[in-house]
Each structure stands twice: as structure tokens, then as C-alpha cells.
Amino acid sequence: MKQITAIIKPFKIEEVREALAECGVTGLTVTEVKGFGRQKGHTELYRGAEYVVDFLPKVKVEVVVKTDDVDRCVDAIVKAARTGKIGDGKIFITSVERVLRIRTGELDNSAI
């Protein structure tokens with residue numbers, strides 16, 4: 001099993017959710033986060049004063065899938081989240097040792 005963590009632009013979340021649903025993903029976790037990468041933030045004008053916004057709003061999407069489904073899900077996220085502009089985000093893939101569904105006690109693949 002693998003955990004896919006995608007950091008994306010907030011306005012792309014619905015497209016990513018729909019793309020993952022088409023891949024058969026039945027559950028995911030979404031968190032509003034702030035951060036920066038190569039984008040390094042930007043400057044904004046507020047009431048005539050210019051200030052630097054270091055941390056930009058992003059959305060973190062986390063989903064655990066069977067190892068066989070990783071490439072398909074990653075491709076779906078990339079296709080749905082890409083704008084072609086700086087700040088589109090990143091995807092991290094990590095191994096998951098064990099999953100336990102609290103309600104039923106199911107383990108690993110049956111608990112996803």
C-alpha cells in the first residue's frame with residue numbers, strides 16, 4: 001500500500017476529487033495548508049501599502065491506495081491539478097506498513 005500526498009492549488013480540489021473518484025478511490029483527506037516552494041510568495045497591495053505574502057494557500061490531499069493503483073491515481077491527480085503555471089504543486093508517494101479500520105477491525109487492503 002502507498003500513501004499519495006498531493007499539494008495543489010485550492011481551486012483545483014474538486015477536479016482532483018472527481019479524478020480520484022473515477023480511479024475508484026473511495027476516501028481521501030483534504031487539509032488547507034500554507035507554504036511556498038520556488039514560487040517564494042508574492043507581494044500584494046493592501047490599502048496603499050505593499051506587503052509580502054510568504055506563505056501561499058494550498059490544499060493537501062492524502063489518499064492511501066493499493067500499490068497497483070498508484071500510477072493511475074498519480075496520473076489522474078497530475079492531469080486534474082496541472083495549470084502549467086508556477087505553483088501547481090507536488091506529489092509525494094510513501095509506503096504504508098499497515099492500515100486498520102477502527103470500526104470493523106479490518107486490516108491492510110480490506111481496510112482501505
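**Stop one: a buried charged pair**

Select Lys9 and Asp88: both are buried, meaning under 20% relative accessible area, where over 50% is exposed and anything in between is partly exposed (1.4 Å probe, protein chains only). Before going on, note that this is a predicted model, where local features need pLDDT of at least 70, side-chain atom pairs count only at pLDDT 80 or more, and totals for chains, interfaces and linings use all residues. Residues are numbered from 1 along each chain as its sequence is written, and side-chain values use heavy atoms, with hydrogens and water left out.

Now put a distance on that pair: the Lys9 and Asp88 side chains form a salt bridge at 3.8 Å, N to O (a side-chain nitrogen of Lys or Arg within 4 Å of a carboxyl oxygen of Asp or Glu). The partners sit 79 residues apart, with Lys9 in the loop between strand 1 and helix 1 and Asp88 in the loop between helix 2 and strand 6 (89-95). Helices (H or I, at least four residues) and strands (E, at least two) are DSSP runs, numbered from the N terminus.

Click Ile8. Leaving out residues up to four places away in sequence, Ile8 touches Ile13, Val16, Lys58, Val59, Val61, Ala81 and Asp88, where contact means heavy atoms within 4.5 Å.

**Stop three: the core**

Ile8 also belongs to the largest nonpolar core, which has 19 residues; Ile4, Ile8, Val16, Leu20, Val65 and Cys73 touch the most other members. Such a core is a set of buried Ala, Val, Leu, Ile, Met, Phe, Trp, Tyr and Cys residues joined through side-chain atoms within 4.5 Å. Helix 2 gives the most, with 7 residues.

**Stop four: helix 1**

Which residues of helix 1 are buried? Select Val16, Ala19 and Leu20. They lie on the same side of helix 1, because they cover an arc of only 95° around the axis, taken from the directions from the helix axis to the C-beta atoms. These buried residues pack against strand 1, strand 5 and helix 2.

Lys12 counts as buried at 10% relative accessibility, while Glu15 is partly exposed at 38%. Finish on Glu106 and Arg101, whose side chains meet at 2.7 Å, N to O.
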